[in-house]
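Hello,

Here is the structure I promised to pass on. Please open it alongside this note; my findings follow below.

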Amino acid sequence: MRLPRLLIALLMVALPAAARAQERSQSPHGPLKEECATCHRSDGWTPVRISKSFNHGKLGFPLAGAHATTACRACHQSLDFKGTAGTCATCHTDVHRGELGADCSRCHTPRSFLDRSTMVRAHQTTRFPLEGAHLAAECTTCHTPTGQGGQQFVSRQTTCVSCHQADYASAKDPDHAAGGFPRECGTCHAVTVWNRARFDHSATRFQLTGAHRAVVCAQCHVGNHFTGTRTDCLGCHQNDYNAASQPSHLQAQLPTECALCHSTTSWTADYDHSRTQFPLTGAHRAVACTDCHADNIYRGKPTTCVSCHQTDYNGATDPDHRQAQFPTTCTPCHSTTAWSPASFDHNTSSFPLTGAHKSVPCADCHGDGVYNGKPTACQSCHLGDFNRTTSPNHTQLGWPQTCTTCHSGSTNTVAWDAGVTLPNQYHTMFSVNHQGARGDCTQCHTSTNYSQSTCSTHHHPATCTFTNQRACGD
């Protein structure tokens, strides 16, 4: 009985040691020196559950980003972890076929193998920095697969048409191929939006201004003709010129340079008359062209007033221009500001108006309708005043009809009876400067007696002495 017990005891001692030896010799992980509990559990040998305490970094390859969640068998194809390479190409197929070198981290990150932000930053250091919609484009859109020996990423063309040849060929509005458009897409297209093409016309011989900016390209470039398109106005506006009726451009033989009257802002004509021999001023600015050019004569049109105002001249009755034989040059009385009221500058005549004459209506002097050759002597207008005067009686005394003898010149045009003075040569005995009677005839000539006047009429004889028939006491 003792022998079996001894055998059992020996077996109990030997079996764990054999098991441990078998464990060391049968481990599928090779020389990996980690406790089994790091990855395995006593409640189940599989599936493997990696402990948080396991540090992959001490083995020379820290797990970061997507690598931390990747299954071990994705990189470790066999359970023998010995000799697993740490290069990217070990697990990742190089779709670049070595064109970009072996350093995947230039464009890729452990966070995501297709991390676009890193790819874009790498692309900005190339000959073709990404902008606008190019930033969101798939790499393979431009980097299309090529045959063996061809380059897919290095030395690719950077011209627009290298990617957009199909867009160029299919464009019909306008037809790029038929129109001979340049293949530099950036001339009209932006990297932001492909379909909102806009051509910079300022770079051509015909800059777009005003309403031309909103015109559809096809209106000027008929039949997809873009190169050699005429830049003169008539190239597009020949029909407008032919159809114009107010005035008729064809009949009037107006110049075909539309810009003389029209602008790109508005087709409504506005001719600059200041460049002609007849600049428009005053009310002439608002006159319709046809008011003067109703006969469709624009070249060599007379510029005299009467050429347009003959009817006004003939119809004038206050005064009657024809009867008075007024000159047909309207400007002496009329202005371009307003046709009426008329205002004649009498200072340009042989009889300048002064004093009260300035406010006298024309008809007071020209009531007889005589304007040319009108007498300028005072009595021609004031003979009635001369005949009616009784204090003194000019007619009875036989006084001269030259009013300025007493109504002395321009100073008395202010008022008829202001400052009336008889000059010395009309006094036979007394000077008009006689003291006490300066300028007041009635002090000496009482009762309208102008024929005789002696000292004794007004003074005591003892105080009066005559010398050479001149008055004493002066």
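**Cysteines**

Cys139 counts as partly exposed, because its relative accessibility is 34%. Please keep in mind that this is a predicted model. The sulfur of Cys139 has the sulfur of Cys107 as its closest cysteine partner, 8.4 Å away, so the gap is too far for a bond. Cys142 is in no disulfide either. For Cys142, the nearest cysteine sulfur belongs to Cys163, at 3.4 Å. Cys142 is partly exposed, with a relative accessible area of 31%. The count for the structure is 0 disulfides.

**Salt bridges**

Side chains of opposite charge can pair when their charged atoms come close. The whole structure has 8 salt bridges.

- Arg111 and Asp115 meet through their side chains, with N to O at 2.3 Å. Arg111 is exposed, at 58% relative accessibility. Asp115 is buried, at 8%.
- Lys301 pairs with Asp295, with N to O at 2.7 Å. Asp295 is partly exposed, at 41% relative accessibility.
- Lys374 pairs with Asp368, and their closest N and O atoms are 2.7 Å apart. Here Lys374 is buried, at 19% relative accessibility. Asp368 is partly exposed, with a relative accessible area of 46%.

**Backbone**

Most residues other than glycine have a negative phi, and most peptide bonds are trans. Some places in this model depart from that.

Which residues does a cis peptide bond join, with omega about 0°? Pro47 sits in the loop between α1 (2–26) and α2 (72–75). Asp318 and Pro319 are also joined by a cis bond, with omega about 0°. Pro319 lies in the loop between α12 (306–315) and α13 (362–366).

Positive phi values turn up as well. Asn296 is not a glycine, yet its phi is near 60°. Asn296 belongs to the loop between α11 (289–292) and α12. Is Asn296 buried or exposed? Asn296 is buried, with a relative accessible area of 18%. Gln325 is not a glycine either, and its phi is positive, about 60°. The loop between α12 and α13 holds Gln325. Gln325 is exposed, at 60% relative accessibility.

Best wishes

Definitions and conventions. Residues are numbered from 1 along each chain as its sequence is written. This is a predicted model: local features need pLDDT of at least 70, side-chain atom pairs count only at pLDDT 80 or more; totals for chains, interfaces and linings use all residues. Side-chain values use heavy atoms; hydrogens and water are left out. A disulfide is a pair of cysteine sulfur atoms within 2.5 Å. Buried means under 20% relative accessible area, exposed over 50%, partly exposed in between (1.4 Å probe, protein chains only). A salt bridge is a side-chain nitrogen of Lys or Arg within 4 Å of a carboxyl oxygen of Asp or Glu. Helices (H or I, at least four residues) and strands (E, at least two) are DSSP runs, numbered from the N terminus.
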